[in-house]
Amino acid sequence: VLVLQAAWALAGGQVRYSVPEEAKAGTVVGRVAQDLGLEAGSAEARQLRLVAQGRRASVELSGASGALLVSSRLDREELCGKSAPCALQLEVLVERPLRVFHVELEVTDINDNAPIFPAARKNLSIAELTTLPGSRFPLEGASDADIGANAQLSYTLSPSEHFRIEEDNSNSRSKSLFLILAKSLDRETIPVHRLMLTASDGGRPSLTGTMELVISVLDANDNAPHFNQSVYTVHLPEDAIQGTLVARMNATDLDEGTNRDVKYEIDTIVPPSASDLFNIDENSGDIRLTGALDFEAVNLYDLNIRATDKGTPPLSGHCKVVLEVLDVNDNAPEVWVTSLSVPVPEDAAVGTVVALLSVSDRDSGANGRVRCWVWPASPFGVEARLAGSYSLVLREALDRERVSEYEVEVRAEDGGAPALLGRLGVRVPVSDVNDNAPAFLQAVYTVLARENNAAGAELARLWARDPDEAGNGRVSYSVWEGGVGGGWRPASSYVSFEVRAVDAGEPPLCGNATVQLFVLDENDNAPALLPPAGSLPEAGGVAGEASLSSSSSVSESGSGTLWAWAAWGAPAGQVVAKIRAVDADSGYNAWLRYELWEPRGKGPFRVGLYSGEVSTARALDEADGPRQRLLIVVRDHGEPARSATATLSVSLLEAAEAALAAATGSSSSRSALGVELGPGAASAATNVWLVVAICAVSSLFLLAVVLYGASRWAPRAAVLSGPGPTTLVCASEVGSWSYSQRHSRSLCVADGAGKSDLMVFSPNFPPPPPGPAAKDTQPEPSAFLDT
């Protein structure tokens, strides 16, 4: 071929050579001298000179051999670019003779250039959803500096289910490269697709070039906001204050940009009346209280929350907030009466239902569990009947006279912490039953009445108390056992009698009191000598008239002469006679004393102050005369005192005569006149009784002093209020005596006295006014005892 080419070149005057690009320096391209017909080493061959036309030649002509050699790097792409073929036009000059030969050097292409894309990365943006599968996106292909098959490119795309590469060969002059969407995109699944596009040339070996395709999926508002829970359960106490955070909503939107911006709102509220109770921040989603919760009104709220994005069109997501209100012990128990049965009779049986009560607490759980009781507890209690229903029952017997009305408080306490207390006052009046008989303050009344009082005079005032009310406490009085209205009765029958008090109840009840009537003595009787049993015979032929006359202060008097005999030489102290007098009165009024009025001074006789014994004051002698006339006054102790006088004629005889007079019984006769003779046994007996009387009086006087001192310290009370100190006065032959004795009810009768003495008690006083215990009763009438 070369020979033929050279021959053709010589024939045509041109030599053509071919050399691959990138041949090494020194590579023989062709033997020009030989091909031009010159002998190697000849002068002509050595005179060959290479002239390049228009561009730097990367070859040289060896003068020694006449060969065309590669002198520097040959780069076809640099020399010719994409032109093909790439031929260098050379001229070879021969100087002698001057001849010009044309040499054409073709630089052939080798696959020394890989395909090159315009950029290492290409960014694409494709909208999700709206870009349909099959959509084509043109791409700029790669370039290869080589030519021919070395520049023939093919493309491959990294594996992807969403994209593929496609070449359009419809235009033979230029090929179009397209990225084809094989499957719809979802930005929320894969927001960015990174693919590698590879271009391969046709060389052997094949060279490749790559470009990264960065495909950003543009967001479409295809996702609604989404809450992480469909139902939120929130618990809040009912005392939560306004502004309390109820819940914080958080809805996410998988979109981006404005498509993911969410605003919140409360869609609906159940119950609808709570629409102004909650508020939600549309940006943050915070739900806060704008009012007060009340567990007892509504304990459960349903809030439907909506979150809406700002896309076009906007999409929404929903959730529910269930708010459970927790009970707080903010309600005290309430107590009210459903039925009240008053007044309650005081004889109502234990267990009687007084009232029906209802108790409730609007709270729940322990806060709504209630226990009830009554304060004060007596005499009522509370019994549970049903849930929330109680009975106020009687636990103790009632007594209207002690308590006529009760103000009780029913208390109810819940089980909260702290516990709350409810109260209800209940007024329970007690109605009267005739269960109390009239009662006198004393079982026995001692009434002191002075003698000589007028008929109809008030003796005492009795009062019986009946604590019942109205007719049950209205008292009427009567004297029992026949009364005093049936005619005249002796006063002695009224010394002790009973007074009956009867109320007006049904049936009527009665009470009795015994009245002991003591008639107080007045000093209306003067002392009187005992009258003689018969006429007094004259003694010694001397007849005298004895007389008893009252003094100027005494209203009664008697007359008579008393006779007595005394022996001459009788010693001092010998009793010659005894004046015996009595007083119809009693007590001090009947206590007699004897005084010798005449003769006054130092006479031969004297009289015992209380005994009435006439005795010798000294020994009798003849100077005293044959007869002594004595005037003796008998006086009582009344106020004013009453008195009587006795004339005693004492005859002075010889001892024998006196003994004879005694033997003949004259002594007994004179004793019958009230004079007791003293000689012999009579005188001795008189002395013995005198000693006994003096001892008795002394003992009783001492006892009276002791009892008087004790009575000064003992409480003194009115007769109608209680028994007071009693003064007992008794009489004896030697006089009268007295002492005080409390609570005495006996009578003392002096031995030999003509009249029994009665006890003297403290006077009666009106009863005290009714006390607090009887404040509810009407004033009681009193019973008047009249003579």
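Me: Why is Asp432 called buried?

Reply: Asp432 has a relative accessibility of 14%, and buried means under 20% relative accessible area, exposed over 50% and partly exposed in between, with a 1.4 Å probe and protein chains only, so Asp432 counts as buried. The model is predicted, so that local features need pLDDT of at least 70 and side-chain atom pairs count only at pLDDT 80 or more, while totals for chains, interfaces and linings use all residues. Residues are numbered from 1 along each chain as its sequence is written, and side-chain values use heavy atoms, with hydrogens and water left out.

Me: What makes Arg400 count as buried?

Reply: Its relative accessibility is 2%, and Arg400 therefore counts as buried.

Me: How do you know that Asp432 forms a salt bridge with Arg400?

Reply: The closest N and O atoms of Asp432 and Arg400 are 3.0 Å apart, and a salt bridge is a side-chain nitrogen of Lys or Arg within 4 Å of a carboxyl oxygen of Asp or Glu, so the pair qualifies. Asp432 lies in the loop between β31 (421–431) and β32 (439–440), and Arg400 in the loop between β29 (389–394) and β30 (405–414), so the pair ties together parts that are 32 residues apart in sequence.

Me: What makes Glu469 and Arg400 a salt bridge?

Reply: Their closest N and O atoms are 3.7 Å apart, which is within 4 Å, so the pair meets the definition.

Technical notes: Helix = DSSP H or I, 4+ residues; strand = E, 2+ residues; numbered from the N terminus.
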